[in-house]
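Here are my notes on the model you sent. Please read them with the structure open.

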Amino acid sequence: PVHSVAALVNVYPLGDDFRLLGSSALGCTVDVSCGGLSLVHPEPIEASYFLVEFLIAGQPLPPVIFRPMRCSRIGSSYAVAGEFVSRAEF
């Protein structure tokens, strides 16, 4: 099942080898399921993967690696949907 969840996230671009490609951008989730999520992002998506870090106070959610599958413009932002690849360990 898909759940509507509005949460701020830091989104870090990753390369094919999961190396960090640049600085983070602030986004907001739209919905989350067991297999993936959709979010609103300020820039078009160009990286192969992203590290998504949830910024929910008091909720220790692990960061996840996300593979974008679709990206479309909505106003001055972008709607991005994709699937989880794995949890990120720090």
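**Notes on the model**

1. Aspartate 17 is partly exposed, with a relative accessible area of 47%. The scale runs as follows: buried is under 20% relative accessible area, exposed is over 50%, and partly exposed lies in between (1.4 Å probe, protein chains only). Arginine 19 is exposed at 60%. Arginine 19 and aspartate 17 form a salt bridge, with the closest N and O atoms 3.3 Å apart. A salt bridge here is a side-chain nitrogen of Lys or Arg within 4 Å of a carboxyl oxygen of Asp or Glu.

2. Some ground rules. This is a predicted model, where local features need pLDDT of at least 70 and side-chain atom pairs count only at pLDDT 80 or more, while totals for chains, interfaces and linings use all residues. Residues are numbered from 1 along each chain as its sequence is written, and side-chain values use heavy atoms, with hydrogens and water left out.

3. The salt bridge count is 2. Arginine 67 pairs with glutamate 83, with the closest N and O atoms 2.8 Å apart. This pair links distant parts of the chain: arginine 67 sits in strand E6 (residues 64-74) and glutamate 83 in strand E7 (residues 77-87), 16 residues apart. Strands (E, at least two residues) are DSSP runs, numbered from the N terminus. Arginine 67 is partly exposed at 29% relative accessibility. Glutamate 83 is also partly exposed, at 29%.

4. Strand E2 (residues 8-14) has 5 of its 7 residues buried, so the rest of the structure largely encloses it. E2 pairs with strand E3 (residues 25-32) in the antiparallel sense over 4 bridges. E2 also pairs antiparallel with strand E5 (residues 49-54), over 6 bridges. Pairing requires at least two DSSP bridges between the strands. Valine 9 stands opposite glycine 27 in E3 and opposite phenylalanine 54 in E5.

5. How many disulfides does the structure hold? It holds 0, a disulfide being a pair of cysteine sulfur atoms within 2.5 Å. For cysteine 34, the nearest cysteine sulfur is that of cysteine 28, 20 Å away. For cysteine 71, the nearest is again that of cysteine 28, 16 Å away. Cysteine 34 is exposed, with a relative accessible area of 75%. Cysteine 71 is partly exposed at 37%.
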